[in-house]
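The following questions and answers examine how terms applied to a structure follow from computed values. Each answer sets a value against its criterion.

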Amino acid sequence: MSGLHPHLLASREIKKYIKEDIAEFTCLEDFYDKAVFANAEKNISSDRSFREGFWVKTLERLFVISQFAKSRQLEKILHCELDQLLFRIDELIVNLEKCTKRGIFVPFHTPDSAVASVLYVNDLNALDSLINNAINEGGSFKNEMELLARWSKSNSDMCISLPTMASVLIGKNIATSKKIFELSEDEIGGVVDAAQLGSWIFGIDPRNVPISQSPKTKFIDKPSIHLLTKDNLENINFKINLDHRLFAHTLNGKKIRIYNLHLHAKLHNYLEHNEKIHCIINNHFESTPVCLNYARKEQLLYQIEAATKLFFCKPKIILRIQSKLIRKVKKLLQEYFNNALDLVYQKLFELGKEEPKPIISSSPFISGDFFLSICDVAVLGNFKCPKNLRARKDLLFIETDLIENRQMLEYASNFKAIIAHNGDHALSKYAIEFLVDSGIKVYATNLKTNAPNIYTIPIGIENAHHRRNGSIHYFNPSHMSTLSLIKKQDVLVSFSV
């Protein structure tokens, strides 16, 4: 979707994991001199040990980029952070080169924070100026975002602000000093995402969410005059077209192109298929915040890893545990939990103050559990593999959110019919077309389109396995006959999708 073949700069030990058809690879050891960075590292005021030196590495990349460009005699370079979803960003480069500005192009989140989610440099002298500021000119700084913003204020002739959704909907230079030149949406043919849009659509890093809470989509920053409000974001409808270009449609009819989404949630494995990305983005406008099972799993594994470190790093046991041992422990834990996901999710339910939920039927009432009870095989989010419910293999039950990748669609096409239920999203156009072409019958909730062999089914009452409002005991005629209630002119309101 990016429109470019990426070039990855990393330690030699990473090379074995990179396929040539995915990215070109260059070892840091082949060109990078770390000694130059030492004087800048000591100026970082944030905890330099945080997450194995996260703040150190985010700053050091600027030195890596500079030395790489010089070693290859490059005059310009586009840097994108690893947690970016890119949408034909090659066209952004073309538009940037049409303008006469030279220096460092970067989006601003606030006046004190420039986010190098997308960083374009067409003047290496500007990058040298930024590096010198980090080493000995400006004193300490929290991180590279604060450094970039600080440097820009005293070097406005070398810093160009890239337009964001906030600068389009709220006002130009909303997050920058008036001294800093900001390109317009028209000049680059769209906007870039510093941090807000990706966090709104996919949520934030699950490691930053307390274990008592589930990681959710639709994260919103603390209110600020420099940022989009919740109302602003709720009034944007995101859509990806067939050419892999992403657009935002506002309620007043404005159409704005977006070149990237900052995937702060870092759900790379979960989003390895384009179909899954399309599903989440294209259905986002109508959805309430949803929990992603993969994010919840990552959250739990991180907490286990942190607890493991804390245990081994107690002064009386051992002063320091090697990162290699930590990785080994984490791998063993992942293998254990992958083979016992039922136990993991039971624990998650307890932490979320919910009851464990065995699957039982709501019959004779309609619900997701009712449809599940009549199927032969089930694909559920809290089970690693499909569950065989009967000997025959004709009717498949699948949770709606799990059907959007091609591998699952191919699996579903082996059945005579499927039931898609227990989800807030409607089936995507891609999924519907794939299933129709496979010639199987599909029964699903929240359908928006009509197609042969595609049938809409009701959501029904709340699932019985929640043992709350959908409890079949509540609807039992024998139970209801024992109640003596005064009827009132009240209306029972459930939920709408």
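Q: Which residues form one aromatic cluster with Phe-50?
A: In this predicted model, the aromatic cluster is made up of Phe-50, Phe-54 and Trp-55.

Q: How many aromatic pairs does the rule give?
A: The count comes to ten aromatic pairs.

Q: What makes the pair of Phe-54 and Trp-55 edge-to-face?
A: The ring centres of Phe-54 and Trp-55 are 4.9 Å apart, and rings pair if their centres lie within 6.5 Å. The planes stand at 75 degrees, and an angle over 60 counts as edge-to-face. The pair is therefore edge-to-face.

Q: Why is Phe-54 called partly exposed?
A: Phe-54 has a relative accessible area of 33%. Buried requires under 20% and exposed requires over 50%, so Phe-54 is partly exposed.

Q: Why does Trp-55 count as buried?
A: The relative accessibility of Trp-55 is 18%, and the limit for buried is under 20%. Trp-55 therefore counts as buried.

Q: Why is the aromatic pair of Tyr-430 and Phe-434 called tilted?
A: The centres of the Tyr-430 and Phe-434 rings are 6.4 Å apart, and the limit for a pair is within 6.5 Å. Their planes are 40 degrees apart; under 30 would count as stacked and over 60 as edge-to-face, so the remaining term, tilted, applies.

Q: Where do Tyr-430 and Phe-434 lie?
A: Both residues belong to helix H16 (residues 429-438), where they are four residues apart, about one turn of the helix.

Q: Are Tyr-430 and Phe-434 buried or partly exposed?
A: Tyr-430, at 30% relative accessibility, counts as partly exposed. Phe-434, at 16%, counts as buried, because the limit for that term is under 20%.

Q: How do you know that the charged end of Lys-101 sits over the ring of Phe-181?
A: The criterion requires NZ of Lys within 6 Å of the ring centre and within 35 degrees of the ring normal. The charged end of Lys-101 is 4.4 Å from the centre of the Phe-181 ring and sits over that ring. Lys-172 also lies over the face of Phe-181, at 5.7 Å from the ring centre.

Q: How do you know that the reach of helix H2 is close to the expected one?
A: Helix H2 (residues 54-71) has 18 residues, and 26 Å is expected at 1.5 Å a residue. From its first C-alpha to its last, H2 reaches 25 Å. H2 bends by about 25 degrees at Glu-60.

Q: What makes H2 mostly covered?
A: Of the 18 residues of H2, 14 are buried.

Q: Why does Gln-73 count as exposed?
A: Gln-73 has 71% relative accessibility, and exposed means over 50%; Gln-73 therefore counts as exposed. Gln-73 lies in the loop between H2 and strand E3 (77-80). Its phi is positive, about 55 degrees, although Gln-73 is not a glycine.

Q: What share of the protein chain counts as buried?
A: Of the 497 residues, 46% count as buried. The protein chain has 18 helices and 19 strands.

Note on methods
Residues are numbered from 1 along each chain as its sequence is written. This is a predicted model: local features need pLDDT of at least 70, side-chain atom pairs count only at pLDDT 80 or more; totals for chains, interfaces and linings use all residues. Side-chain values use heavy atoms; hydrogens and water are left out. Rings of Phe, Tyr and Trp (its six-membered ring) pair if their centres lie within 6.5 Å; planes under 30 degrees apart count as stacked, over 60 as edge-to-face and the rest as tilted. Buried means under 20% relative accessible area, exposed over 50%, partly exposed in between (1.4 Å probe, protein chains only). Helices (H or I, at least four residues) and strands (E, at least two) are DSSP runs, numbered from the N terminus. The expected span of a helix is 1.5 Å times one less than its number of residues. The bend at a residue is the angle between axes fitted to the seven residues ending there and the seven starting there.
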